[in-house]
Amino acid sequence: MNFLFPDRSAKIPATATLILDGCAVEITVKVSARARSYRLTVPHHGSPVLTLPSTGRWPEAEGFLNRHRGWLAARIRRSAPRTAFSHGELVPLRGIAHRIHATGRLRGRVEAAEIEGEPALLVPGEAVHIPRRLTEWLKAEAQRDLAERSNIHAATLGVEVKSVAMRSQSTRWGSCSSTGRLNYNWRLVLAPPFVLDYVAAHEVAHLVHMNHSPSFWKAVTRALPDMERGKAWLKAHGKVLMGYGLDS
């Protein structure tokens, strides 16, 4: 290889690995036609992402990645903890901490109850079934709350919501299509209700303005005058919220 003129035709891999603080860290590599430069991002949870512009070359991207080793290591050290759904773990529901209990019963559904004065979530089946069963129940609870609040905000803004669906995005709380289909992160049901209400108002307002212009924010405020409260909470605590329901 000519070291003065590195090989610019090197194939771009799907992943790359760096050793940071003595541990191997896998980085997802992707090419984006919208990217104007090399970019390294760390989502709330999941692998770091190295994005190349469509004109990018792997030797240049690799050099960029190596120059940002220190920054990446620091970001990973500051990442939020993961909280798996397991027996005895504390998990918030609508902003109130609940203790998870595996009931061992073969039948039944998840129930919110109280055990010795402490809020609890009773999950049927053995402990191994908790993650799936509790996640499904929380998705159903989130679906109900978000559909209700979305329809209320839609009526205020004079738009129509076609559908509301739950997703498990690692970096987003919601999305909206121009056809009126709304997607939300089910973990919003873990937050205080005013937070879920803010995200619902935010996404419904996109049915009026598909951007983040001043007119859009006026629409959010019209739907939810106290929207700054939920926005501030999510900015302060959203990263931790994203960690619930993930294996530690």
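This is a predicted model: local features need pLDDT of at least 70, side-chain atom pairs count only at pLDDT 80 or more; totals for chains, interfaces and linings use all residues.
User: Why are helix α3 and helix α5 called roughly perpendicular to each other?

Analyst: The axes of α3 (residues 130-157) and α5 (residues 214-223) cross at roughly 115°. Angles of 65 to 115 degrees count as roughly perpendicular, and α3 and α5 are therefore described in that way. Their axes come within 9 Å, and α3 passes α5 in a right-handed crossing.

User: Which residues of α3 and α5 meet?

Analyst: On the α3 side these are His-153, Thr-156 and Leu-157, and they meet Ala-219, Arg-222 and Ala-223 of α5. By class, the residues of this contact divide into 3 nonpolar, 2 polar and 1 charged.

User: Which residues form the contact between α3 and α4?

Analyst: From α3, the residues are Asp-145, Leu-146, Arg-149, Ser-150, His-153, Ala-154 and Leu-157. They meet Leu-196, Asp-197, Ala-200, Ala-201, Val-204 and Ala-205 in α4. This contact has 8 nonpolar, 2 polar and 3 charged residues. His-153 and Leu-157 of α3 also take part in the contact with α5.

User: How do you know that the span of α4 is close to the expected value?

Analyst: Helix α4 (residues 193-205) has 13 residues. The expected span is 1.5 Å times one less than the number of residues, which for α4 gives 18 Å. From its first C-alpha to its last, α4 reaches 18 Å, close to that expectation.

User: Why is α4 said to be largely enclosed by the rest of the structure?

Analyst: A residue is buried when its relative accessible area is under 20%. In α4, 11 of the 13 residues are buried, so the helix is largely enclosed. Among them are Val-195, Tyr-198, Val-199, His-202 and Glu-203. The buried residues of α4 pack against α3, β10 (174-176), β11 (181-185), α5 and α6 (227-241).

User: What makes His-206 count as buried or exposed?

Analyst: His-206 is found in the loop between α4 and α5. Its relative accessibility is 10%, and buried means under 20%. His-206 therefore counts as buried. Leaving out residues up to four places away in sequence, His-206 touches Cys-176, Asn-211, His-212 and Phe-216.

User: Why does Trp-186 count as buried?

Analyst: Trp-186 lies in the loop between β11 and α4. Its relative accessibility is 2%, so Trp-186 counts as buried by the cut-off of under 20%. Beyond its neighbours within four places in sequence, Trp-186 is in contact with residues including Phe-85, Thr-135, Leu-138, Met-166 and Tyr-244. Trp-186 and Leu-138 are 48 residues apart in sequence and 7.0 Å apart in space, C-alpha to C-alpha.

User: How do you know that Arg-107 is exposed?

Analyst: Exposed means over 50% relative accessible area. Arg-107 has 73% relative accessibility and therefore counts as exposed. Arg-107 lies in the loop between β6 (96-102) and β7 (111-115). Arg-107 and Leu-93 are 14 residues apart in sequence and 23 Å apart in space, C-alpha to C-alpha.

Conventions:
Residues are numbered from 1 along each chain as its sequence is written. Side-chain values use heavy atoms; hydrogens and water are left out. Axes are lines fitted to C-alpha atoms, for helices over the stretch in contact, and angles run from 0 to 180 degrees between N-to-C directions. Helices (H or I, at least four residues) and strands (E, at least two) are DSSP runs, numbered from the N terminus. Angles under 35 degrees count as roughly parallel, over 145 as roughly antiparallel, 65 to 115 as roughly perpendicular and the rest as oblique. A crossing is left-handed if the near helix is turned anticlockwise from the far one by less than a right angle, and right-handed if clockwise. Contact means heavy atoms within 4.5 Å. Ala, Val, Leu, Ile, Met, Phe, Trp, Tyr, Cys and Pro count as nonpolar, Asp, Glu, Lys and Arg as charged, and the others, Gly among them, as polar. Buried means under 20% relative accessible area, exposed over 50%, partly exposed in between (1.4 Å probe, protein chains only).
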